[in-house]
Each structure stands twice: as C-alpha cells, then as structure tokens.
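Subject: Structure for you to look at

Dear colleague,

I am handing over the structure below, together with some notes for someone who has not seen it before. Please read them with the structure open beside you.

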Amino acid sequence: MILKILKYQLRDVFRSRWIIAYVLFFLVLTDVLFRFGGDGLRVATSMMNIVLIVIPLSSIILGAFYLYNAREYMELLLCHPVKRHQLFWGMFLGLALPLVAAFAGGVMLPYLYNAASAEAWQSALMLVFTGSMLTVIFVALAYYLALRFDDRIKGLGLALVICLFFTIIYDGIILFVIYMFSSYPLEKPVLVMSLLNPIDLGRILLLLQFDISALMGLTGAVFREFFGTPLGMTVSVASLLIWLTVPVTAGFRRFLVKDF
Amino acid sequence: MHCKCNISLGMIPALLAAFVAGGMPAYATHGLSPHSEIISKNSESISESAAEITEANVLSSPMLDEGNSIGNGSGDSGRSLTVGQRGEFTRIADALSAAAYGDTIRIEAGVYREYELLVDRQVTILGIGRPVIDVEHRGEGIRITAENVHVEGLEIRNVPTSHSRDHAAIRFDRASGGKVIDNVLDDTFFGIYLARAHDMEIRGNRLRAYHDREAVSANGIHLWNSNNAVIADNEIIGHRDGIYLEYVQESSITGNKVAENIRYGLHFMFSDDCVYRDNRFEKNGAGVAVMYSRRVKMKHNLFVNNWGASSYGLLLKEITDSEIFENEFSGNTIGIRSEGSDRVKKYRNSFIRNGWAIRIMASSMDNHITENNFIDNAFDVSTNSRRHSRNNFEGNYWDKYSGYDLNGDGFGDVPYRPVRLFSLIVERNPMALMLLRSMFVQILDLTERVMPTITPETLVDEKPLMRKVAL
C-alpha cells in the first residue's frame, strides 16, 4: 500500500514543473561552475554555500506547501481503507525522494560528463550526502509544521523563521557565546552547540572535507581530537542521523493521532 | 668504466686460481688464508696491467679517463684498496688505517658491522653495489677529520639516539671540501653532520629516520658554521629537522625532497646569503622556519600540506632583504607567517587552498607582495594590527575579488581588501573558526566590505589583477 501511494505521489511530483526547475537549478549551477572554475574540487567548494542555504530553505518551503495543498487528497484517502502510517510514509517519501534525486542528479551529472577526478568525486559525494540529509530533515520539519498548524500562513511563516534561525541566527548566538565567555574553556560547549543545529552539522562535515588545513589551525586538544581524527566525521554523521529521526518521528506521531 | 673492468679482470684469474689450488670458493675466506693472498696478488698485477691499458687508451677514450680520475680521487698517489670478502681487507677500519693520502677505498657489497670509523687522511670511499655499514646502535658511523674526503654509495644503518653525544651517520669535523654523494642513511640519529666544514657538496642522499618525538630524534642534514655548501637532490624523511643550518653563509639548497619530519622541514638560523631552489617540503610537523637571516633567496619551492596550529608553509622570523618568488604554497594551515621581517619581496607565488595564505604581523614592515595568485584560501591575509599596515600589497590576483575593470587595463578599478572581518574575529578569538563559511559570518564580512570600519584601512590592494598571473 505504501508503494502504491508512493507511486502515485512520485507520478504527481514529476508531473509538476517545479521539480524540473529544481533539477535544472542544480544542473545549470554546477555546469556553469565547471565552465568557469575548472576542476571538480573547486566546484564542490562553491556548491557548499548553495547547499547549506538553498536546500534547507527550499525543502522546508516546498514541503510545507505540498502538504497544505494535499490536504483534501489526504482526507479523501483516509476515508478509504488506508492505514495512517502507510499514508504518512507514502506522502513523506513521495516528496523527500524526488527532492533528493533531483538535487543529487543535478549536481552529479556535470561531474559525470566532465570526468572529474577521484578526489573531486569524493568531495562531490560528501556534498550530495550532506545535501540529501538536509533535504530529508527539512522536509520532515515541514511535515511536522504542516500537521501541527492548520493555518497555512502560520505554518509557512514558522517554516521560514526556523530556516532563518538555523542558517543565520544560531551562528550569531554561537559567536556571541564565544565572545561573552572567551575566558572560559568553551571547546566542548561550542562543539555541542554546533551539533544541535543540522545546518552547522552539515557545514562541519563539509569543512572537514574542504577546509581541513584551516581547521587544523585551531588550538586545543578537544578540537584536535575532533577534527584531526575520524572521530569528527563519525560524530557529525551520527548526529545528523539523530537529527533525521527526531522530526520524522515527531511528524509521524502527529499524523497518527491528528484529527483532520 | 675502468673500475669495473679492473675488478672483473682481476676476479676471473683469481677465482680460477682458487679453484685450481683448492677447489674451494674463495669468498669463504677470512683475510689470512693462502687463497686470499693469491687473490690480492693477482688482482694487483691485473690492476697494474689495467692501468697500462688505460694510459694507452687515454687519448682515444675519454670515458676511461674519466673513470680513472674518479677511481683515483683527487690525490696523486692514487692507490686503490678494496674492502670485501674477496678484497685485501675485510674491515673498513683496517683499510682506513692502511690508506695513504689520495687513496681510494672501494667497499664491496655486504654488511659491515663497524662503527666509529675515523677518516683522518684524504681518501675517497666508494661503495660498490651499496655496501651496508651497520652501526648496531653502538655509536657514530663515520667521522671525517681530513679535507676533501669523498664518500659515495654507502648505506649506513642504526645510529643510536644519545642525549649526551650528537651521534651522526657521517660527520665532517673541521674538514672542508668533502663530498657526500648517493648514500642511504637508514634509522640514524643525526644523518649528515657538518661542523666547521666549508665548501661541501651533499648530493643525492636518501635519509630516513623513524622516531616520533622531537626529544629522541635529530636533524637529517645538519650544518653548523659551514659556508659555501651545496645541498642538492636529497630525500629526507622522518627526522627532527630535515635540513638544519646555523651560521651558514652563501650556500645553496636545491632540489631536495623533505617530508614528514617531526619539527621543521628546513630550519635555518643566522644564515645569510643562501639560496633555496626547487625543493619540496611536505607534511612536516611545523613546515619550514627561517629565522634571523639576511639576503635569502627562495625560489620555485613547493610547500605542501603542513597542518597544525603552529604549522607554517614558511615561517619568516627576523628575515630581512630577502626574496621569495615563484613558490607554490598549497594546503598548508598557514602559507607564510611573517614576524619582524622587513624588506622582503614576495612575488609570483601561488597560494592555493591554504587556511591562511599570509599572516603578516604588525612587526613586519616594508614588505612588497606583488603578482601573487591567491586561490581558494579560507583567509587570504590576516594580521594582528587593527590600524596600519606598513606593507605594500599591489597587483595580486585574488579569486574572491568581485570588482570590475572598466578601462580594460587588466587591473580592477575598485581596491581589494584581503583582510576579512572574520579573520580579525578569529585572530582575537580562535574558537570562532568553527563558524567558517557560515552564512552569518558571510553577512558580517559583506557589511564590513561595503563599509570598512574595523579592518585595517591601509592593508589594501589598490590594483588587484583581473586575471591569474601565468606562472
């Protein structure tokens, strides 16, 4: 049953034009960067900024919009003998998968036809992994919001605020904390703070890939341990996975008991 | 050429004689057996006849002549002593004490368990087929106290760490004009150690050490008070400092590959008028440090992947009137850190993918930084000074430059400020580095770039290049 809903969802998503625009956006951007910048490593570095800003924003907005629009459709399906958990997974994967596929395809295609080096591929894959995780996380957040607030203005507004908070305000707070408590041993608190924000997590993962030479300039044993060894990579990926499950389960729970 | 045919000609009748006499292989002997006497007599007579041949062919065959001169060293007596199981000597020490001025000691392949070999007269020591001198952690390898000694083709192993003596594989002690060529030094404390040895040539050696702490390791090539040295084409891995120079004047360091040393790849102090060219410094603990020297030229070197909080591609401390050009700095935490260094010209270098391309401290003055490429660095320039920069940045290519060139002269019309606000933040609060590439930080940088208030006003490139400098 999940598959049936998923199939219908996918057909619906691919029929709409925005997913094509979404693919083209990443495709054209990566291609243009290849044409200007040259090697794949530089392209991946430039794409990093885009991924960290565009993906959370677009995923959460598209996700919220989509669910608000599918409201009647969901209610209709729920009148039929469709289990709620089946419908939820069908709807969730039906949006998250095309978005991930669109992003991954759009970025990787230019790498394919530009015959990028192994090193460039490694960073491209890291980029795609991080972007995909962020997509799924923010789609899940959007689903939660759309289920939590029936008023779509409120839901969309909150989606924007959350996105803004994680991309910009949160880092401002970290910087503020660093300045305020600069005479205290802050290594661990700052690391933990960064782990609590999925965008910061993605950023750290990509920094480990692209800017390790700069990161090694950090003094302090905790940082050295974190960035200089596979520990940093492991912890970041694990935290991202935790981040993935939290909004998904929250949305799922909400969906099971929601009174449409 | 001549050496080879000398030996082979010598060996054939010798072996034949040995078989005829006793039917027993000659190489099992230990110096005093009758067979070896036969051998050495035979080889002497043969080498005499070989010498005659050489003299006869001198005009027609320059190759032979060349071989002959190497074989004889630069001396005039020019005897050739052979060490080996089939030679006149089985121990190198015996050959050294038997040798006279200008002799050549040929050491045949094999393992010689000897140490503290003293060379106190001018000889040429040649390894044939890379003989191994295994010191077995007992002391020093070779100590040379005579002028113009030539050491070539040896492998020296297992020189022990000592906290009271500077054990070296090869040490020149107040002995100038020597040559150390094509040797392999494996697991040594100091590798090649020159003290008051001038006009030396150290070429094509491979040095490898395996320690992991500074306290128990020593320098690969160590020069103290030795002028006019040529250090070329060596490979130095795993020592404390790869190449260390102190009070060395007018020397050239060329084409060396220095990697994975615990402290500095190249470390020099109080060494004026030296030239460094075409070297590769990679993954050394703290990169390359040059200190307290004047008129240094560094050209076409490669500084790669030196990572760490106090690690530099190149650390300049109290360096004056020097030139650094056509080098490539890539993937270092800090490309160049400049402290108290004045009148240094840095031009036509590439800074690629470093954490910081250049960190120039307020104590540095009158440096000229022109025609360099700055590409994909997290920070192009950082400084600890808030107000003034007394250094001249002009005509560099900055990949982050976003200005325009209306008059088409190749220079951007808007000045470029290479110091980001964020780099000042990091300078004061290193932990903020965690926020690198964050959107928030980029917004901060942007506002500062639009209205510069905090970054130093005078640190600016008035004529940023629109295109990369072709190198």
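As general background, nonpolar side chains tend to be buried together in soluble globular proteins. If you centre the view on Val288(B) and set aside residues up to four places away in sequence, you will find that Val288(B) touches Tyr264(B), Gly265(B), Leu266(B), Phe281(B), Phe303(B), Tyr312(B), Gly313(B), Leu314(B) and Leu315(B).

Please keep in mind that this is a predicted model. The predictor gives the complex an ipTM of 0.86 and a pTM of 0.81, while chain B has a mean pLDDT of 84, with 83% of its residues at 70 or more. Residues 1-75 of chain B call for care, as pLDDT stays under 50 over that stretch, for which the model has 70 contacts beyond four places in sequence.

Chain B also carries an open sheet of 12 strands with parallel pairing, in the order S4-S7-S10-S13-S16-S19-S22-S25-S28-S31-S34-S37. Strand S4 (117-119) and strand S37 (379-382) of chain B are the edge strands, each pairing on one side only, and neighbouring strands of the sheet are turned against each other by 10° on average, direction ignored. Within the sheet, strand S10 (residues 168-173) and strand S13 (residues 190-195) of chain B pair in the parallel sense over 5 bridges, and the bridge partner of Ile170(B) in S13(B) is Ile192(B).

Leaving out residues up to four places away in sequence, Glu339(B) touches Leu316(B), Lys317(B), Met361(B), Ser363(B) and Ser364(B). The C-alpha atoms of Glu339(B) and Met365(B) are separated by 9.4 Å, with the two residues 26 apart along the chain.

Finally, the contact between the chains takes 28 residues from chain A and 26 residues from chain B. On the side of chain A that touches chain B, helices H3 (40-69), H7 (152-180), H8 (187-195), H9 (198-210) and H10 (212-215) each supply at least two residues, and H7(A) gives the most, with 8 residues. The residues on that side of chain A divide into 15 nonpolar, 9 polar and 4 charged.

With best wishes

Note on methods: Residues numbered from 1 in each chain as written. Chains lettered and ligands numbered in written order. Predicted model: local features only at pLDDT ≥ 70, side-chain atom pairs only at ≥ 80, totals over all residues. Pairing = 2+ DSSP bridges. Helix = DSSP H or I, 4+ residues; strand = E, 2+ residues; numbered from the N terminus. Axes fitted to C-alpha atoms, helices over the stretch in contact; angles between N-to-C directions. pLDDT = per-residue confidence, 0-100. Contact = placed C-beta atoms within 7 Å. Nonpolar A, V, L, I, M, F, W, Y, C, P; charged D, E, K, R; others polar.
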